[in-house]
Amino acid sequence: MSNARIRLPRFVPLGLAVVALLVAGCTPQAVTRQGAEIQSLYNIVFGVAAVIFVFVEALIVYAVLRYRRKPGDTALPVQTHGNNLLEVVWTVIPTAIVAVLFVLSWQTLNSVDSVSVQTDVRIRAVAQRFQWSFEYLAEDGQQVVFKQITPEMYVPVGQTVKLTLFSPDVIHAFYVPQFLFKRDVVPGKENVFDFTVDQPGVYRGQCAELCGVAHDAMQFTVHAVSRDEYQAWLKQQVEGAKATPAPSAAGSPAASAAPGTTPAPPAAGGPTIDVSAAQIAFEQTELSAPANTPFTLKFTNNDAGVPHNVLIHQGADAASATFFDGEIFSGVDTRLYPVPAMQPGTYAFTCKVHPNMVGTLTVK
Amino acid sequence: MATTAMTPAASAYRAGLYEWLTTTDHKKIGILYLVNSLIFFFVGGLLALAVRTELAMPGIQFFKEVVYNQLFTMHASFMLFLFVIPILAGFGNYAVPLMIGAPDMAFPRINALSFWMLPLAGILMATGFLTNGGAAAAGWTSYSPLAEKAYSGMGTDLWIVAVILIGTSSILGAINFLVTIFKMRAPGMTMFRMPIMVWTMLVTSVLVLLATPVLASALIMLFIDRNYGGHFFDPATGGNAILWQNVFWFYSHPAVYIMVLPAMGIVSEVLPVFSRKPLFGYKAFVFATAGIGALGFSVWAHHMFTTGSVYLPFFSLMTFLIAIPTGVKMFNWIATLFRGQLTFSTPLIFALGFVSMFLIGGINGAFSAVVPVDFAIHDTYWVVAHLHYVLFGGSVFGVFAGVYYWFPKMTGRMLNEGLGKVQFVLMFVGVNLTFFPMHQLGLVGMPRRIADYSSAAGWNDLNLLATVGSFIIGASMLPFLWNVFISLSSGKPAGDDPWEGNTLEWATSSPPPPYNFDRLPEIRSERPVFDLRHRPRPESADLQLAAEASAAPESAGPAGHH
Amino acid sequence: MTSSTTAMTTEHGAAAHARGGISNPILGMLLFITSEVMFFAGLFAAYFNVRAAGPIWPPLEFADKLHIFPLVGPATVLLILSSFTCQVGVWAIRRNDRRGLTRAIAITVILGATFLVMQAIDYTSLYAEGLRLDAGPFGSTYYTLTGFHGAHVLGGVIMLSVVLYRSLSGQFSAAHHDMVEATSMYWHFVDVVWIALFSILYIL
């Protein structure tokens with residue numbers, strides 16, 4: 001054994017490499033046609049990467065172990081400056097590998113990114129701070145047949161869905177891990193892509209472009225059902241929308257998983273004032289509260305899977321500064337907000353997530 | 001240990017606070033860069049620990065999203081703009097004039113100005129935390145429209161001004177480096193006899209010169225949008241949201257080479273010294289570095305593959321092509337080790353850490369070059385894994401290799417080897433434990449920049465593991481700081497050339513006199529000090545220099561009078 | 001034994017003319033100009049991007065607001081003229097003609113300052129007609145491009161004034177006039193940028 005302490009026993013780097021490869025490799029199982037192609041391509045790239053990684057790391061480990069300076073090494077080793085042939089070899093071979101990967105990549109891209117003329121279902125996904133809604137479009141791709149405000153998109157299995165992406169505010173991204181696919185939602189530009197789901201199921205999706213303070217809450221689900229179930233569902237939604245003034249979202253499962261929230265703080269005491277939100281609006285837009293005493297605002301969020309809160313401003317103008325900012329939470333749920341004592345006056349209250357939701361609080 | 005230096009005529013150091021505040025000496029300015037950058041490294045590191053602490057478990061425990069978004073934005077901004085880029089400029093500042101046999105940089109006062117803009121900018125950026133709306137929170141990439149006035153506060157304006165200041169500092173530094181390298185090399189040092197560190201600083205400076213002004217233009221346009229009613233990036237009034245990304249990434253992609261090329265230069269200095277062989281393929285290295293610099297300008301839109309606004313095949317191809325010169329470097333480094341005689345001093349260990357982990361970072365980056373795969377992994381934790389392997393596993397390990405390598409030259413004292421190795425082990429384990437699981441997290445769908453995640457997603461264990469790793473990284477800083485603290489006062493005296501180095505900085509005292517050199521050995525290869533030690537020529541002054549050095553290393557008489 | 005010492009000369013400090021060819025400060029100025037070219041390149045890229053995205057350019061409400069006469073066209077001529085006078089000054093000092101340098105630079109300063117005044121007046125008239133900085137992307141790009149150009153002109157006028165002052169104090173000679181060369185290079189760069197700007201904004 002040499003004088004220098006060997007960094008690691010020989011097998012440890014190898015063992016780590018194997019473990020690493022096992023851990024690094026696994027994509028989720030793709031559930032769309034396009035996703036399956038991406039998954040195959042990924043596997044090829046991964047295979048090449050793994051071979052290169054093991055080979056080069058092995059060279060490093062070998063050099064480190066084999067060429068340690070030993071006590072007898074006083075004379076210099078051979079002062080090799082280089083080798084042109086080797087330079088050519090390790091330029092040409094990577095170039096060839098790169099060329100192959102590029103060609104495979106381009107072919108898959110053309111297949112995945114193709115937007116077909118013949119689509120069966122047309123949906124517009126609307127991404128806004130901080131939620132998703134889905135508009136089901138008629139044959140012409142323009143007229144909205146039904147607008148789903150809860151973040152659940154129903155699609156039929158085996159049929160081509162053309163998804164148009166629209167944002168009225170900042171850049172978001174439509175991302176479904178099990179599609180192995182995402183596309184940005186850019187304000188001022190409507191991105192479009194096709195997908196065809198192969199397997200029925202419920203797939204979670206999430207915004208994948210930082211869009212502000214509730215970016216992590218901007219989740220949605222894709223429900224892939226059989227063609228018949230899809231037709232029936234759509235028909236039911238359209239008729240439900242015609243029958244009642246505002247279709248209730250209570251029927252659909254609250255599928256989006258809200259991030260874990262801490263329990264609401266205990267009520268401040270004093271009188272309790274009720275307010276609720278539904279259909280991205282406050283159901284009571286005129287509230288009153290007693291002056292100079294803390295009170296509890298009992299806020300019920302009736303929009304399943306949609307985040308809301310109540311934010312009381314310092315004046316009657318909805319653009320004025322914040323006086324009280326309640327916790328944002330997704331429905332269907334209730335929170336008790338402890339509001340500190342307020343001076344008599346008129347104050348605006350809004351929802352921080354949907355600033356178009358406005359109401360007036362009169363304190364006297 | 002052979003010494004190959006001349007004893008300087010003047011005393012080595014002017015000291016005192018006033019000297020440090022007003023110095024134009026490139027060596028002191030280099031050290032100032034190092035210290036300032038390390039301070040921001042620690043601040044950025046604490047922000048990272050805050051981020052990891054919040055992410056360790058599902059649920060919001062410590063930082064609500066509004067704060068969390070500031071934490072990761074400022075973590076990245078401090079790390080990239082106030083640590084990585086400046087510390088490498090600092091090493092360049094210290095080493096380049098010495099390595100080319102020059103007495104200082106071309107414009108010493110501008111050099112000082114470049115430095116002092118940095119703490120100012122850092123403080124400016126940090127004051128964002130004290131404003132009403134908090135610090136900048138749109139990510140270090142500051143995409144519009146999120147970075148527009150409607151969605152952000154004054155912290156973003158402070159951030160913009162700070163980055164403009166830092167960019168200006170960089171550009172002035174680049175001008176300084178280029179003039180110094182082109183015009184002030186010692187006689188005999190042709191371009192192809194310059195140390196690779198100098199070459200990497202040259203290419204880096206070209207990148208800074210050409211790319212950073214474009215960032216300045218982008219930031220100014222954003223500032224005008226935010227404060228003067230501009231409509232560059234505002235889609236509602238005819239502006240273009242993607243325009244920001246194009247102008248921003250036109251700088252920020254070359255920027256990542258700015259962040260790694262000098263570290264590669266450091267590794268290329270360390271590996272030959274501790275293998276007792278020359279760098280394998282010096283010329284190939286030079287061309288590969290230049291190739292990376294040039295190609296680096298052609299790939300920026302690979303950060304924008306999912307925007308739907310990019311000509312995908314071109315940028316994919318160019319991104320693949322960059323892998324080739326990078327691979328050439330990797331193989332040349334390994335060939336340097338082959339048939340060498342390796343001494344595992346701390347600089348070498350960190351350099352080996354660089355090589356093995358930059359390999360991982362380069363490979364996982366190649367996945368993103370495959371556009372359809374990028375559709376899956378873009379903006380997920382896969383990218384976080386990639387960028388930290390190249391920046392931490394790469395640049396930071398290169399930085400510490402440089403610290404351990406040149407600390408003796410800068411201070412005249414050796415850092416403790418045992419503590420250095422402890423730091424390495426903790427850092428190496430920590431980096432891998434933190435960032436390797438992120439590959440998997442990205443693949444299964446965890447997006448970037450989220451303060452919280454749902455327990456139902458199944459990401460809990462890997463996140464907890466990554467957090468544990470991050471605290472191990474934090475712990476690794478303790479032996480480092482202790483090492484610096486004790487070595488400054490009681491480290492082993494280094495002498496002129498403790499490592500049997502190859503390049504000119506080892507031909508003068510440690511620390512060097514203000515004017516760097518009394519005399520220089522003859523320069524006839526890229527390893528002038530190696531030549532002086534092993535094959536001095538009778539016709540030149542080399543033999544005399546070598547004789548002087550070995551006969552009376554402690555003599556303090558004036559040199560050059562015979 | 002004669003020692004082939006290779007100590008660096010420190011007569012002029014680190015910024016000495018260590019090698020043949022152009023001097024350090026002039027190389028530095030050339031590199032600085034390169035970085036400024038890239039800065040304007042970023043602004044131009046934004047302009048072209050915004051212009052290509054807009055269906056009609058210029059937007060209808062500003063279609064005939066940019067007038068070459070009475071101000072911008074003559075100002076352009078003056079600026080081009082000032083490049084000539086600046087170069088005349090450089091040639092003068094190269095033959096050690098100090099008075100010639102002073103005269104030429106004085107005229108250049110006056111021409112440059114006149115350009116700025118004319119531009120400022122033009123801005124006020126454009127504002128009066130409704131073309132303001134916040135007038136959509138057209139206004140943003142117009143004022144940002146011309147505004148930063150104007151800022152560079154102002155910087156150049158200041159540098160030229162310093163040259164003028166130093167020339168009046170007799171600080172320049174045929175052998176030592178780096179600052180004059182560097183400043184004239186900068187001034188030519190400013191002029192070239194304006195020619196490009198003028199052509200793109202007013203003509204194309």
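Select helices H4 (residues 108-126) and H5 (residues 154-183) of chain B in this predicted model. Their axes come within 9 Å and cross at roughly 165°. Angles over 145 degrees count as roughly antiparallel, so H4(B) is roughly antiparallel to H5(B). The crossing of H4(B) and H5(B) is left-handed.

Now show the side chains where H4(B) and H5(B) meet. On H4(B), pick out residues including Ile110(B), Leu113(B), Met117(B) and Leu124(B). On H5(B), the contact residues include Trp159(B), Leu165(B), Ile166(B) and Leu172(B). Colour this contact by residue class: 15 nonpolar, six polar and no charged.

Next, go to the largest nonpolar core, which has 334 residues. Select Val267(B) and Ala401(B), the members that touch the most others. Centre on Ala401(B).

Which two chains have the most contacts between them? Chains A and B do, among the two pairs that touch. Their contact takes 81 residues from chain B and 75 from chain A.

Stay on the chain B side of that contact. Helices that each supply at least two residues include H3 (65-100), H7 (241-258) and H11 (346-369) of chain B. Select H10(B) too: H10(B) gives the most, with 15 residues. The side of chain B that touches chain A divides into 52 nonpolar, 22 polar and seven charged residues.

Last stop: chains A and C. No contact joins them, and their closest C-alpha atoms lie 11 Å apart.

Terms used:
Residues numbered from 1 in each chain as written. Chains lettered and ligands numbered in written order. Predicted model: local features only at pLDDT ≥ 70, side-chain atom pairs only at ≥ 80, totals over all residues. Contact = placed C-beta atoms within 7 Å. Core = buried A, V, L, I, M, F, W, Y, C linked by C-beta atoms within 7 Å. Buried ≥ 20, exposed ≤ 12 C-beta atoms within 10 Å, placed from the backbone. Axes fitted to C-alpha atoms, helices over the stretch in contact; angles between N-to-C directions. Helix = DSSP H or I, 4+ residues; strand = E, 2+ residues; numbered from the N terminus. Parallel < 35°, antiparallel > 145°, perpendicular 65-115°, else oblique. Left-handed = near helix turned anticlockwise from the far one by under 90°. Nonpolar A, V, L, I, M, F, W, Y, C, P; charged D, E, K, R; others polar.
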